[in-house]
Amino acid sequence: MLRWLSFVVPGESDVHVEKNIFLGSAVKIELSCRLADKHSHMKILQVTWKKGNETIKHINKTEISWGIQLTVSENRKLGSYTCTVTGEKEFSVVFHLQVPQIAGREKPVVSYKGDSAILICESRSYTPIAWTWYMTNGSEQIAINDSLMLDKYVIDKADANVTHLKILKLTEEDGGTYWCEAAFELGKSKGKLKLKILSLMVPLKPFLAIVAEVVILITLIFVFELYSKKKEKRAEDEKEFDQIEQLKSEESNGVESNSARHRKV
Amino acid sequence: MPPHSDAGPVAGPPDGGWGWVVVFGAFISIGFAYAFPKGIAIFYKEIQDFFGTSYSEIAWVSSIMLATTYGAGPISSILVNRYGSRPVVILGGLLCGIGMVSAAFCTSIVQLYICVGFITGLGLALNLQPSVIIIGRYFLKRRPIANGLAMAGSPVMLCTLAPLNQFLFDNYGWRGSFLILGAILLHCCVAGALFRPISADKVSVKTQSIEEGKEVLKEEVTKDAIEMNSPTNIHMETKTEEEEERDCCEKVNKYLDFSLFKHRGFLIYLIGNVLMFLGFFAPIVFLAPYAKHIGIDEYSAAFLLSILAIVDMVARPTTGIIANSKWVRPRIQYFFSFSIAFNGTCHLLCPLASGYTGLVIYSVFFGLAFGMVCAMLFETLMDLVGASRFTSAVGLVTIAECCTILLGPPIGGTLIDTFGDYKYMFIKCGAVMVLAGTFLFIMNYYNYRMLAKEEKKRKAKEEDTKPQMAQMKFKPVLLSGQGITSTLLMLALAVKSHQIF
């Protein structure tokens with residue numbers, strides 16, 4: 001299906017302006033470049049539209065804007081189109097026509113031996129025609145055929161915009177780089193994902209270290225508590241003993257002084 | 001501090017010493033209880049992809065965890081009433097650890113609901129309540145500071161857990177992270193080990209026995225001074241104190257103190273707080289999405305939450321210190337109502353904030369208000385019902401708050417979906433909180449007045465019984481006076497006789 005798309009980019013002098021245009025399917029497209037307002041009275045000597053070395057005939061849309069019309073129906077038509085305006089100063093605008101980019105995952109997906117892993121690629125804004133998964137074996141990229149190895153790979157095609165690759169019964173060799181390739185009308189685009197396989201021992205070591213630390217801390221706390229309780233009890237017993245002694249001595253002093261007086265009398 | 005109508009025989013809590021170590025333990029315990037459910041949200045996307053579920057199914061994990069943490073409050077209270085804080089917190093830590101370790105080996109989302117949601121949630125509930133309770137046992141004069149410091153654990157733990165969880169996830173995937181988080185949660189057991197039991201009864205009995213000993217000895221010395229009334233008076237005093245103690249013990253051993261529902265202060269607190277929680281958590285949940293909605297990029301939106309957490313961290317202990325000052329402490333309920341209303345006003349003004357700078361200012365004030373409310377959340381309840389009944393009170397309050405806490409964010413979400421605009425959610429939250437603050441302010445004014453009246457009545461009663469006591473007290477004084485005069489006479493006679501001699 002052909003649609004019209006129109007892009008206008010004001011050009012600034014001495015500044016190289018670039019614009020990325022992603023085309024999911026075949027379109028009729030019009031690209032034009034226009035002088036920025038502050039340069040609108042600049043005298044124009046020459047305007048050229050080029051793709052690589054090939055010059056394309058353009059149309060003068062207005063006094064200060066020039067455009068080209070393209071029918072992008074095959075991969076060959078994609079590329080970089082440059083508009084160069086030469087006058088007192090020269091400025092240029094570049095349009096990069098390309099297939100939509102697939103974002104992979106920068107950080108590796110971590111999974112464990114014997115477990116399963118799911119790798120996901122999606123292309124929300126542009127719907128691809130088909131998805132293919134590749135795994136890297138050395139330097140080669142091998143396509144994954146899920147119908148051949150049903151108990152190892154499952155490719156989910158429920159939604160056209162998203163693809164899931166489920167890898168079951170993981171082993172060490174399953175780790176590495178995977179590619180999801182989306183096929184569009186105008187070409188193919190790849191996204192990169194990394195899979196890391198760990199054995200259960202890997203998280204077990206920090207786990208046991210932390211558990212050991214907790215046990216040591218709790219033991220220390222209880223030992224300290226027993227020790228300080230013993231100290232407290234000893235101190236209290238001494239205090240009570242002193243107090244009772246004090247009271248007893250007070251009493252005996254009083255009795256003595258009375259009896260002394262009696263005796264004196 | 002305003003008198004509460006049922007001050008039990010709580011003899012001087014330490015207000016320091018080992019109490020500060022207990023505050024540190026409570027800091028860790030409370031920190032995990034509040035921050036952990038928010039911290040594991042990082043893993044949800046991966047788990048969602050792994051099990052192939054929708055976002056709402058994953059969100060149930062958080063909801064179940066939160067519901068269990070608040071809903072198991074009464075269970076916590078019963079256990080603390082029976083066994084004390086320490087064993088309950090250690091049990092809670094073990095449950096958390098077991099829950100997360102078993103979650104690492106889950107093979108379905110339902111198993112995750114049970115392991116992460118239910119078991120870990122229960123463990124966190126057994127951490128939260130006892131930590132707050134034991135602060136009430138260790139502190140009285142400096143309790144607001146202790147509460148503020150302990151509650152500061154929540155934002156500090158959140159700021160620590162968020163990058164830690166990200167690091168664990170990048171290196172070990174979600175299964176390995178759950179395993180290691182299980183070990184990390186065992187630190188709640190360490191916090192529990194620090195909660196040395198302190199019982200007010202033991203302290204008063206000990207001082208009593210020494211006093212009794214002194215009394216007995218004094219009786220022997222001033223034999224002629226002893227009237228019939230005084231020993232029975234002393235014996236009566238010790239007897240009534242013992243009886244009171246037994247009554248108190250019975251109350252403590254009773255499972256959950258439902259008579260709190262007749263307590264005026266408790267009811268005021270309950271209604272006000274249940275209303276407040278309807279609008280308390282929703283703005284935090286929707287702050288980052290709102291920022292993204294008005295065009296702010298993801299990292300700056302996340303930074304807003306960091307600003308909130310940092311301001312919160314500072315606000316909590318500061319509020320504790322302010323609440324402890326002699327001007328605020330007697331009127332702490334007003335301060336609490338003010339902070340709730342302030343929080344509500346922030347939300348009402350949020351829709352007026354335009355651009356990133358406006359949202360940053362909102363985050364700062366929100367963090368401040370949030371910290372103020374949280375720091376005093378349990379302090380005000382302790383202030384109203386007293387430390388002895390606080391154990392049951394906190395359990396009953398948390399299970400009542402459970403419903404509104406769970407309803408708050410979904411109602412906010414529905415408002416956003418219906419109107420397509422975030423401002424109605426902010427207005428609803430702000431209005432609810434301003435209403436709650438005003439309600440608490442008015443009702444506490446009424447409560448203070450009633451308490452003052454009751455105090456006057458109690459003092460008047462004491463005045464009536466005083467003359468009788470004074471009579472009884474006078475006699476021994478007079479009689480011991482007799483003893484003194486007799487010895488003086490004897491002394492005079494001795495001197496005279498000596499002179500004669």
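Predicted model: local features only at pLDDT ≥ 70, side-chain atom pairs only at ≥ 80, totals over all residues.
Start with the contact between the two chains. Chain A puts 37 residues into it and chain B 38. Together they bury about 3100 Å², and carbon and sulfur atoms account for 69% of that area. On the chain A side, three residues stand out: Phe207(A), Ile221(A) and Glu225(A) supply 15% of the area that chain A buries against chain B, more than any other three residues.

There is a charged side to this contact too. Five salt bridges are counted between chain A and chain B, and in one of them the side chain of Glu225(A) meets that of Arg196(B), at 3.6 Å from N to O. Polar contacts link eight residue pairs across the two chains, counting pairs with both residues at pLDDT 80 or more. As for which elements of chain A touch chain B, those giving two or more residues are β10 (109-112), β11 (117-122), β17 (187-198) and α1 (201-264). Of these, α1(A) gives the most, with 24 residues. By type, the chain A side splits into 22 nonpolar, five polar and 10 charged residues.

Turning to the sheet, chain A has an open one of five strands, ordered β2-β9-β8-β4-β5, with mixed pairing. The edges are held by β2 (17-22) and β5 (54-56) of chain A; each has a single partner strand, so one side of each has no neighbour in the sheet. On average, neighbouring strands here are turned by 25° against each other, ignoring direction.

Technical notes: Residues numbered from 1 in each chain as written. Chains lettered and ligands numbered in written order. Heavy atoms only, no water. Contact = heavy atoms within 4.5 Å. Buried area = accessible area lost by both parts, 1.4 Å probe. Salt bridge = Lys/Arg side-chain N within 4 Å of Asp/Glu carboxyl O. Polar contact = N/O pair within 3.5 Å; in protein donor to acceptor, adjacent residues only side chain to side chain. Helix = DSSP H or I, 4+ residues; strand = E, 2+ residues; numbered from the N terminus. Nonpolar A, V, L, I, M, F, W, Y, C, P; charged D, E, K, R; others polar. Pairing = 2+ DSSP bridges. Axes fitted to C-alpha atoms, helices over the stretch in contact; angles between N-to-C directions.
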